[in-house]
Amino acid sequence: MLGNKRGKLLKDYVNHYVVFDLETTGISPESDSIIEISAVKVAGGKETETFSSLINPQRHIPYGATKVNGITDEMVADEPELAVVFPEFIKFIGDDILVGHNIHSFDMKFIWRAAEEMYGQTISNDYIDTLPMARRCLPQLTHHRLVDISAYYKISTEGAHRALNDCRMNQQCFELMAKERTDSSEKLCPRCGGVLKRRNGRFGEFWGCSGFPACRYTEN
């Protein structure tokens with residue numbers, strides 16, 4: 001839902017939520033555009049309703065983006081613009097907690113920007129990022145992409161990198177990881193959502209992100 005404050009990053013499992021995913025023209029939340037948005041509403045751990053739409057970004061979709069998600073200029077030529085689709089998405093998610101993979105660093109920034117540009121408000125829904133959750137629950141994995149986690153749980157990755165398929169893959173992964181979740185007292189990195197670990201340095205103890213070296217966040 002719309003509000004004046006952005007939602008908070010949560011880490012505890014909930015059984016009523018909306019898992020969502022975006023496909024975009026690139027990786028910059030400041031300058032790239034959403035070309036597909038999908039969401040799956042979940043109650044009691046079961047899918048109850050879906051939302052999905054391609055979006056015409058009114059710009060060329062770069063080859064690099066098409067190579068990842070398979071979405072072309074021709075596919076979106078007759079699709080609605082974000083100004084039409086986004087209000088429907090807002091209505092669909094309501095005030096539910098949002099769930100997604102790497103949404104803290106990526107997807108949330110896109111929808112925060114869209115809400116701020118269209119309404120002068122932001123998305124106030126709290127959210128759970130399954131990327132740091134996977135790093136906590138499955139430290140034995142070398143990589144924690146959605147396809148890696150799905151493969152670990154023997155979930156089909158057919159159709160990966162299309163938004164609705166990714167939502168359904170992630171919903172299954174989220175439910176399975178919830179059974180392996182760790183201590184809820186852990187501190188989370190405000191930059192990437194990873195777990196903060198107590199470390200020793202030249203000047204004494206400090207908190208460092210477990211995502212190092214990709215994330216170099218520290219705090220006293």
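**Reading the pockets of a predicted model**

The residues lining the second largest pocket divide into eight nonpolar, three polar and four charged.

User: Where is empty space left in a protein, and how does one see it?

Analyst: Rolling a probe the size of a water molecule over the atoms shows where space is left empty. Here the model is a predicted one, and its largest pocket has a volume of about 680 Å³.

User: Which residues lie nearest the centre of that largest pocket?

Analyst: Asp 21, His 101, Asn 102, His 161 and Asp 166 do, out of a lining of 29 residues. By class, that lining holds 13 nonpolar, 10 polar and six charged residues.

User: Which elements each supply at least two residues of the lining of the largest pocket?

Analyst: Have a look at strand S3 (16-24) and at helices H1 (63-69), H5 (130-137), H6 (146-152) and H7 (163-178). Of the elements, S3 gives the most, with six residues.

User: Back to the second largest pocket, then. How much space lies in it?

Analyst: About 230 Å³. Its lining is made by 15 residues, and Ser 33, Ile 34, Leu 82, Arg 113 and Glu 117 lie nearest the centre.

User: And which elements give two or more residues to the lining of the second largest pocket?

Analyst: Those are helix H3 (82-93) and helix H4 (107-119). H4 gives the most to this lining, with five residues.

Terms used: Residues numbered from 1 in each chain as written. Predicted model: local features only at pLDDT ≥ 70, side-chain atom pairs only at ≥ 80, totals over all residues. Heavy atoms only, no water. 1 Å grid on protein atoms, 1.4 Å probe; cavity = no way out; pocket = protein on both sides within 12 Å on 5 of 7 lines; lining within 4 Å. Points joined across faces, edges and corners; volume = space filled by probe spheres on them. Helix = DSSP H or I, 4+ residues; strand = E, 2+ residues; numbered from the N terminus. Nonpolar A, V, L, I, M, F, W, Y, C, P; charged D, E, K, R; others polar.
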